Amino acid sequence: MRLLVTGGAGYIGSVVARRLLDEGHRVVVVDDLSSGFADAVPRGAEFVRGTMAEAARVLAGPRRFDGVVHLAARSLIDDSVRRPERYWRGNTVETLRLLDAMLAAGVERLVFSSTAATYGQPAEVPITESAPTAPTNPYGASKLAVDKALDDYTRAHPLGAVSLRYFNVAGSVGDCGERHEPETHVIPIALDVALGRRPEFSVYGDDYPTRDGTCVRDFIHVADIAEAHLAALRTVAPGEHRIYNLGNGQGFSVLEVLDAVARVTGRPVPSRAADRRPGDPPTLVAAGDLIRRELGWKPGRPDLAEMIEDAYRFHRARRG
Ligand SMILES: NC(=O)c1ccc[n+]([C@@H]2O[C@H](COP(=O)([O-])OP(=O)(O)OC[C@H]3O[C@@H](n4cnc5c(N)ncnc54)[C@H](O)[C@@H]3O)[C@@H](O)[C@H]2O)c1
């Protein structure tokens with residue numbers, strides 16, 4: 001297939017684009033480099049720098065695209081609370097612009113990066129796709145708005161969409177890995193602490209109703225995320241919008257992550273207890289039954305230590 005991959009200069013997008021190329025697809029990456037890096041775009045992909053206006057120009061051009069994989073987004077939760085307009089415009093309005101361009105060009109397949117943040121504080125764990133959606137921040141709300149738009153667009157137009165609601169993505173594949181600036185994700189921060197680049201790790205809340213009092217999160221290997229995109233592209237059908245949670249199905253507490261980072265690196269990870277962050281649910285773990293049943297996908301690399309080893313390899317290669 002010829003595919004447009006938005007956000008392909010970012011962490012997950014570069015891994016997904018690499019995997020699509022390996023599978024024999026032709027890939028054009030559109031990315032404005034607002035949080036991505038031109039050198040992360042995998043070799044073999046054509047790179048166009050720009051926002052969804054540029055993506056629209058590519059889709060309106062002479063080449064016919066079979067599908068779009070839409071990963072481009074802003075995704076800093078705290079920033080979204082301070083500057084919601086960036087998220088409503090960058091994630092929701094930009095995506096609607098992309099959808100207009102897809103409809104105009106007759107592109108019928110979309111795989112969209114949604115998020116566990118659409119659920120907010122879950123009443124039940126593991127979280128199923130039928131759980132109520134009540135995001136606790138503008139980031140989650142801006143993604144949920146797209147999921148809702150996709151329900152309507154796919155009903156009205158010859159468009160099929162799959163929304164993948166990722167939980168906490170981790171690990172690396174080859175030279176594609178996590179390079180967020182600022183870094184807000186647990187594993188790369190813990191690796192920085194282990195390597196002496198940060199003095200200590202702040203554990204936000206140690207009195208949650210969990211097995212050791214710290215938050216429990218579902219970490220999923222980025223290679224597994226890429227496989228799920230392939231499965232979604234194979235099955236996406238016009239007239240349907242399907243939503244799948246994409247997690248490992250296992251929860252790991254913050255202290256368990258720090259412990260695993262210390263074991264993998266052979267270095268201590270000094271930490272200190274800090275106040276809870278408002279809106280942080282105690283436990284977020286995905287129920288994986290639906291995607292397993294309908295797409296035949298299951299996590300191939302569920303081991304936390306393996307995710308951390310891969311992240312560590314990337315981290316050291318990049319930062320010495
Ligand atoms: N990392 C996670 O754990 C996680 C969890 C849930 C969902 N997600 C979603 O996965 C997707 C990828 O996340 P990531 O962690 O790789 O982030 P990232 O910041 O590394 O990648 C996002 C990419 O999109 C580009 N971009 C942003 N806005 C753009 C726009 N308007 N036009 C063109 N390019 C734009 C950025 O330059 C960047 O390269 C995002 O949609 C994010 O919301 C990530």
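This dialogue covers a cavity and a domain interface in a predicted model.

Tutor: Local features need pLDDT of at least 70, side-chain atom pairs count only at pLDDT 80 or more, and totals for chains, interfaces and linings use all residues. Residues are numbered from 1 along each chain as its sequence is written, and side-chain values use heavy atoms, without hydrogens and water.

Student: What makes F314 a lining residue?

Tutor: Lining residues have an atom within 4 Å of a point. F314 is in the lining, as are I187, P188 and H315, among others.

Student: How do you know that domain 1 and domain 2 are in contact?

Tutor: Contact means heavy atoms within 4.5 Å. By that rule, 27 residues of domain 1 are in contact with 22 residues of domain 2.

Student: What makes about 2,000 Å² the area buried between domain 1 and domain 2?

Tutor: Buried area is the accessible area (1.4 Å probe) that two parts lose on being put together, summed over both. Here carbon and sulfur atoms give 69% of the area. H221, D224 and Y244 supply 27% of what domain 1 buries against domain 2, more than any other three residues.

Terms used: On a 1 Å grid over the protein atoms alone, a cavity is a set of points where a 1.4 Å probe fits but cannot get out, and a pocket is an open set with protein on both sides within 12 Å along at least five of seven lines; lining residues have an atom within 4 Å of a point.
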